[in-house]
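Thanks for asking me to look this one over.

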Amino acid sequence: MPSRPPLDRAQFPVTDRWAYLNHAGITALPKPALEAQYRCARDLAVDGGLAYAGHAERAEEVRSAAAAVMGVPADDVAFVKNTTEGLGFVANGLTWQEGDRVVVPDLEFPSTIYPWLALRDRGVVVDLVSPVGAGRCLPVDAFAETIASGPPPKVVATSWVQFGRGWRTDLASLASVCHAAGALLCADVIQGLGVVPAELEAWGVDFAMADAHKWLLGPLGIGVLYVRRSCLEELRPLEPGWASVVHREQWDNLDLVWDDSARRFEGGSPNMVGIHGMGASLDLLLNAGMEAVWTHVSALTDRACEGLASAGATVTCDRSPKGRSGIVTFTVAEQDPVTVTAALESRGVVCSPRGGGVRLSPHGYNTYEEVDRLVSTVAELTGAA
Ligand SMILES: Cc1ncc(COP(=O)(O)O)c(C=O)c1O
């Protein structure tokens with residue numbers, strides 16, 4: 001019995017042309033996000049600054065919706081321009097001493113690792129953890145071993161879901177290990193948020209960040225940063241401005257009194273059009289229900305893995321219940337992943353070459369038929385058709 005998409009396909013114009021299986025790359029924008037951005041921009045065209053108060057009110061609803069998807073309080077969420085900025089705010093906002101230690105996996109997306117490597121010139125020691133199982137997964141034990149191999153780290157930084165191979169780290173277990181060692185846990189959640197249900201506060205994550213343009217189904221250039229309440233005072237706001245203070249919009253009050261929430265990290269005028277677009281996408285996800293979205297994507301990726309194996313491809317990602325994500329990677333013997341991706345695209349199936357293979361990443365509006373189209377194209381390439 002095919003799993004029924006919990007997100008309405010009619011809201012995704014991309015379905016007219018493509019079997020779009022590339023949400024780990026850049027999402028195809030749903031109609032409500034397109035329209036919300038248009039409405040916001042149009043308000044500015046017809047009413048200018050008079051539209052601001054209404055827009056700002058909507059931004060607070062969007063903050064709450066983002067917090068609901070993250071499983072955190074709304075006051076602990078700041079809008080940022082992207083994941084990289086959120087990571088930079090954490091890496092550079094903490095106070096570092098010569099010899100402080102950071103533990104981070106070595107096969108991360110550049111933005112997940114560079115902010116920490118860049119601290120080396122301040123005397124920070126960065127120790128790398130390597131994935132195991134032929135690069136398919138990164139168990140918490142591997143982190144624990146590296147953490148224990150030196151002085152207690154100040155921070156452990158990792159992606160929740162690795163971008164290339166898609167392994168998912170158990171953040172709740174990792175947070176326990178980190179906290180037992182006196183370390184803070186910083187999780188780049190862009191490859192999981194919007195597809196895997198999240199409870200970041202309950203899991204004990206200290207900092208987390210994601211942009212809207214992947215699994216959150218939103219536009220580029222708008223994202224969210226979570227700062228656990230108990231860490232608020234540990235993180236120096238790097239862009240102090242009118243929006244950072246408790247008395248924002250009292251223009252002649254120049255006392256620097258930080259807002260008592262993560263809003264202190266939002267120094268200046270927000271990307272209002274982006275916030276409105278992201279808000280519409282978050283509403284789609286919340287109305288469908290994160291559990292329903294995840295159950296459907298799990299069914300799609302199971303079907304893809306079974307089909308790919310019988311088509312003679314090799315699935316190279318972790319498919320264990322706790323280690324799986326919305327990302328599946330596979331290789332086709334002796335065929336360059338770029339060529340395979342191009343062959344798929346010529347049949348209307350969009351994936352990406354990543355993680356040493358081809359990466360597919362379906363969402364809650366994709367169908368078994370679309371996954372089957374991918375599998376039959378791969379079967380033609382392997383000669384199994
Ligand atoms: C794990 C991970 N972190 C960060 C990024 C970059 O995100 P942004 O462009 O929002 O900074 C990506 C993009 O692919 C990613 O996969």
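The notes below go through the ligand site and then the pockets of this predicted model.

1. The side chain of Asp 188 places an N or O atom 2.5 Å from a nitrogen atom of the ligand. Oxygen atoms of the ligand take part too: one is 2.9 Å from a polar side-chain atom of Gln 191, and an N or O atom in the side chain of Lys 214 lies 2.7 Å from a ligand oxygen. As for cover, the ligand on its own exposes 400 Å², and the protein buries 89% of that area.

2. Which pocket does the ligand take up? Its space is the second largest pocket, with a volume of about 190 Å³. If you want to find the centre, look for Thr 83, Phe 109, Ser 111, Ile 190 and Lys 214, which lie nearest to it among the 15 lining residues. Two elements, α3 and α4 (110-117), each give two or more residues to this lining. Sorted by class, the lining of the second largest pocket has eight polar, four nonpolar and three charged residues.

3. The largest pocket deserves a point of its own. Its volume is about 410 Å³, and 26 residues line it. Nearest the centre of this pocket are Phe 79, Glu 266, Gly 268, Ser 269 and Pro 270. Helices α2 (52-70), α3 (83-93) and α8 (272-288), along with strand β2 (77-80), are the elements that contribute two or more lining residues.

4. Which element gives the largest share of its lining? That is α2, with five residues. By class, the lining of the largest pocket comprises 13 nonpolar, eight charged and five polar residues.

Definitions and conventions. Residues numbered from 1 in each chain as written. Predicted model: local features only at pLDDT ≥ 70, side-chain atom pairs only at ≥ 80, totals over all residues. Heavy atoms only, no water. Polar contact = N/O pair within 3.5 Å; in protein donor to acceptor, adjacent residues only side chain to side chain. Areas by Shrake-Rupley, 256 points an atom, 1.4 Å probe, with all protein chains shown as cover. 1 Å grid on protein atoms, 1.4 Å probe; cavity = no way out; pocket = protein on both sides within 12 Å on 5 of 7 lines; lining within 4 Å. Sits in = over half its atoms within 2 Å of the grid points. Points joined across faces, edges and corners; volume = space filled by probe spheres on them. Helix = DSSP H or I, 4+ residues; strand = E, 2+ residues; numbered from the N terminus. Nonpolar A, V, L, I, M, F, W, Y, C, P; charged D, E, K, R; others polar.
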